[in-house]
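Please work through the exercises below with the sequence and the coordinates open side by side.

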Amino acid sequence: MNSGNTLQSGGLGRRIGREFKTELSMLVIFVVFFAVMSFASPYFLTTNNIMNVMSQVSSTSMLAIGMTIVIITSGIDLSVGSILGLSGMIGGMVLMNTQNVVLGVAVILLVGMVMGLVNGFLIGYLELPAFIVTLGMMEIGRSLDYVISDANTASKFPAIYNFLGTGRIGGVFPVYIIFIFGMFAIFIWIMAKTKFGRFLYAIGSNKEAARLTGINVKFNVMMAYVISGLMCGFAAWIMTSRLMACDATYGDGNEMDAIAAAVIGGTSMSGGKGTLWGTIIGVFLVGFLRNALNILGVNPYWQGTAIGAVIVIAVLAEKLSKVKVKKGK
Amino acid sequence: MNEILIEATNIKKEFSGVVAIEGIDFELYRGEVHALMGENGAGKSTLSKIIAGIYQSDGGEMKVNGKVENFSSVREATEHGVSIVTQEFSLVPDLSVAENIFLTDSKYYKGRFIANKKAMAAETRNLLGLFGMENKIDPYVKVEELSVAQMQVIEILKAVSTNAQAIILDEPTASLSVREIEILFDIVRRLKKSGIGFIIVSHKINEIYEISDRITVLRDGHLILKGVPTAELAQDELIRAMVGREVNDLYGAGSDVKKLDWAHEPVAFEAKDITDQNGYVRNISFQVHRGEIAGFSGLVGAGRTELMRAIFNADPRNGGTVLVDGKEVKGRSIHSSIDAGIGFVPEDRKVDGLIQDLSVLKNIGLAKLADRGGAILHTKEAESDCYDMIQRMEIKTANIDLLVRSLSGGNQQKVLLAKWILLAPKVLIIDEPTRGVDIGAKSDIYAILRSLAAQGMAIIIVSSEIPEVLGVCDTVYVMHEGRVTAVMTASEATEEKIGYYSTIGDGKS
């Protein structure tokens, strides 16, 4: 089929190298960091510590999945922290009052999706700027969170509800770890192997060209925000299940962690570029960096500086690699 | 005796180890128009950017007015009298014409800070006066309200205001209409008399013969012809120098593809009373048979693009029906047009056509995926489709995962066509099939269009290049101000007739 052509299709390895250049370089950085820390502290590379970090990043990683997908469409979702808070609170109150786990979880996920749907409709169909719409939703969500809870904590959940957050299969393997990687696997597959995923990349890179190719831009953009809302629901579920409570501050500021994870993982804020493989690395790099600074006894006030520096360096690295490609033409 | 303004010898430029140009000699005289020609990727842009200080050379020597110079920035080049006007304008859309021209000129800022708008406007009027344009452009109007042609004039004025001795125009006529080109060339001729030297980077052969004094041709980064007087260079010789092979049959008229006797084929496409969203294009009807190539000619702004976009449902339309194979296209969405068998290659492949950040593979498969792909991708099928198209259309790409943005203009255009041809539409509308495409790829694209028509596809072309319309189309429609002013068969049509109907119309219809 390829005869008579001078195409170098290359082996699988080479194709992976071409498609995941940013991700691979971030992976190298992560591995080096991990190795250095393992030598620097005897506590770092212990099962306990690793599980601890995984547990800390479990809800952020859900938000980061949704955030990455939204950013790929060249949008942004600033409301994820507030949606997490509100869906956790409404669901938590249902849980507390009905003691029905299935109903509680359903409400958490539904609230997340509905709020995502509102974002998506305003951004996709009415073509309002994502930054403003989700900024508004961020304020509204947090405010409703306080209104509904009256700043009280929802708790007294049925005991079985902690299964996702702290349960262990066979008494050993944490459920939340399976859950995190399961979710990443599903969405990596969706973004790489389905029509929907391909459309989102196309839309993020060139909306008008995507439209003229017959892609329903409005609907697909809306769906990206619905997914982001749904992921906020999952994040709320994990968080409330781990802490067996929900108060009105949950998720506050988490949108920034989610954006940081996506950007560090190589997702471009201008859309069309990035993968969830990168986001996994981004989530863990931030999580383990925080953890390492704690273990090493670094003044916690310095954490922001360290993470901020990593974000800027990641973007700088992407920019430099782009300049090289451009010149290489 | 000709006075040498710029003399470049043995210029070399590498990009991360790959040689872009090598051993290039170039001279620009005072008061001449020197055309720098070559196909895409020949290195003409690289050379012009080195002269203008955008790139720095990796070897060789450049003299300006006899003094060795090595510009490290555009600003330095400007200070030495060398200015460049590129396709990407450097104008600030929110500022006025006058403010743009004197943006960096400290003379026009009080205390180096506050813009002296009156002085700026007065001087702008003087500059405009040089070309008799003082009544055509208001110095106070914002640049964003100007046409592309006017912006180009402003860029040139900006260069003149810095006392430029040499002005480089990079593809100056790419988006200008015939009349605007005349105005531009008029300005160039006037400035040339005052001793300014022009370097025009272009691959439009007709224009180069009209405006240039000498021609330099590059191919694959090497010097092929150096400063040959235009009058002494025959067109086919020039084309041979650019392409590196004989292209005596650009439009493929003598090709062995067997043409369909389209006039006796059934009507594949019919548009009835199409009115666009603004009511500029009103009540246009036409038919295209299977195997027929219909061409729409006219000036920029004649409403051709608006007509096609309305037909394809790319923009909402205010009335009219579209029929494919006699069946009305019911829906008013792009999807319903594609479903009915219409393909649409838009005018600007960078803005509307291709997804620059996706690979060749993903771009070629996108329309098929959108139209009839299942929820889950079929990678194998997409790859074999892609290899098929690469072979059929002779797309030059290192591999199928290469981002489309790194391909040359001609290959990008082929990818864009491939995306639609993969759908095997019954009707293919192509807005400017060969804009910004080099001659080699042009002749490939014409051959592809012919073979598609021979297989029974109805093809509709919008083109601003009259020779293209005459060379490729079976039927020629001429539009002027939103109306069709003439319909001719290929044998009736001439350049003069098309020119006539695209400027004044026939007063009927």
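Predicted model: local features only at pLDDT ≥ 70, side-chain atom pairs only at ≥ 80, totals over all residues.

Residues are numbered from 1 along each chain as its sequence is written, and chains are lettered from A and ligands numbered from 1 in the order in which they are written.

**Exercise 1. Chain A as a whole**

Task: Describe the secondary structure, the dimensions and the burial of chain A.

Solution: Begin with the secondary structure, where helices (H or I, at least four residues) and strands (E, at least two) are DSSP runs numbered from the N terminus; on this basis chain A has 14 helices and two strands. Next, take the extent of the C-alpha trace, which spans about 70 × 55 × 40 Å along its principal axes. The radius of gyration, taken over C-alpha atoms, can then be set against the globule rule of 2.2 Å times the number of residues to the power 0.38: a compact globule of 329 residues would have a value near 20 Å, so the 21 Å of chain A agrees. For burial, a residue is buried if 20 or more other C-beta atoms, placed from the backbone, lie within 10 Å of its own, and buried residues make up 47% of the 329 residues in chain A. Finally, counting two residues as in contact if their C-beta atoms, placed from the backbone, lie within 7 Å, one finds that residues 24 or more positions apart account for 77% of the chain A contacts with a separation of 6 or more.

**Exercise 2. Where the chains meet**

Task: How many residues does each chain give to the contact, and which elements of chain A take part?

Solution: Chain A contributes 34 residues and chain B contributes 36 residues. On the side of chain A that touches chain B, the elements giving two or more residues are helix H1 (12–19), helix H9 (195–205), helix H10 (207–212) and helix H14 (303–327) of chain A. That side divides into eight nonpolar, 14 polar and twelve charged residues, where Ala, Val, Leu, Ile, Met, Phe, Trp, Tyr, Cys and Pro count as nonpolar, Asp, Glu, Lys and Arg as charged, and the others, Gly among them, as polar.

**Exercise 3. The six-stranded sheet of chain B**

Task: In which order do the six strands of the open sheet lie, and which strands stand at its edges?

Solution: Two strands pair if DSSP finds at least two bridges between them, and the resulting order is S18-S19-S20-S15-S21-S22 (chain B), with mixed pairing. Strand S18 (342–345) and strand S22 (483–489) of chain B each have a single partner strand, so one side of each is left without a neighbour in the sheet. Within the sheet, S15(B) and strand S21 (residues 475–480) of chain B are parallel and share five bridges, and B:Phe296 has B:Tyr477 as its bridge partner in S21(B). Helix H17 (residues 495–503) of chain B packs on the sheet, touching S15, S21 and S22 of chain B, and its direction makes about 30 degrees with that of S21(B); here axes are lines fitted to C-alpha atoms, for helices over the stretch in contact, and angles run from 0 to 180 degrees between N-to-C directions.

**Exercise 4. Two covered strands of chain B**

Task: Are the residues of strand S20 (residues 458–462) of chain B buried or exposed, and how is this strand paired?

Solution: Five of its five residues are buried. In a regular strand the side chains alternate between the two faces of the sheet. In S20(B), B:Ala458, B:Ile460 and B:Val462 are buried on one side, and B:Ile459 and B:Ile461 on the other. Strand S15 (residues 293–298) of chain B runs parallel to S20(B) over four bridges, with B:Phe296 opposite B:Val462. Strand S19 (residues 427–431) of chain B is also joined to S20(B) in parallel, by five bridges, and B:Ile429 has B:Ile460 as its bridge partner.

Task: Why is strand S10 (residues 197–202) of chain B described as largely enclosed?

Solution: Six of the six residues of S10(B) are buried, so the rest of the structure largely encloses this strand. Strand S3 (residues 33–37) of chain B joins S10(B) in parallel through five bridges, and B:Ala35 stands opposite B:Ile200. Strand S9 (residues 166–170) of chain B is likewise parallel to S10(B), with five bridges.

**Exercise 5. The four-stranded sheet of chain B**

Task: Which strands form the antiparallel open sheet, and which helix lies across S13, S14 and S16 of chain B?

Solution: The order is S14-S13-S16-S17 (chain B), and the edge strands are S14 (284–289) and S17 (327–328) of chain B. Strand S13 (residues 267–276) of chain B is joined to S14(B) by five bridges, one pair being B:Glu270 and B:Gln287. Helix H9 (residues 304–311) of chain B lies across S13, S14 and strand S16 (317–324), at about 110 degrees to S13(B).

Technical notes: Buried ≥ 20, exposed ≤ 12 C-beta atoms within 10 Å, placed from the backbone.
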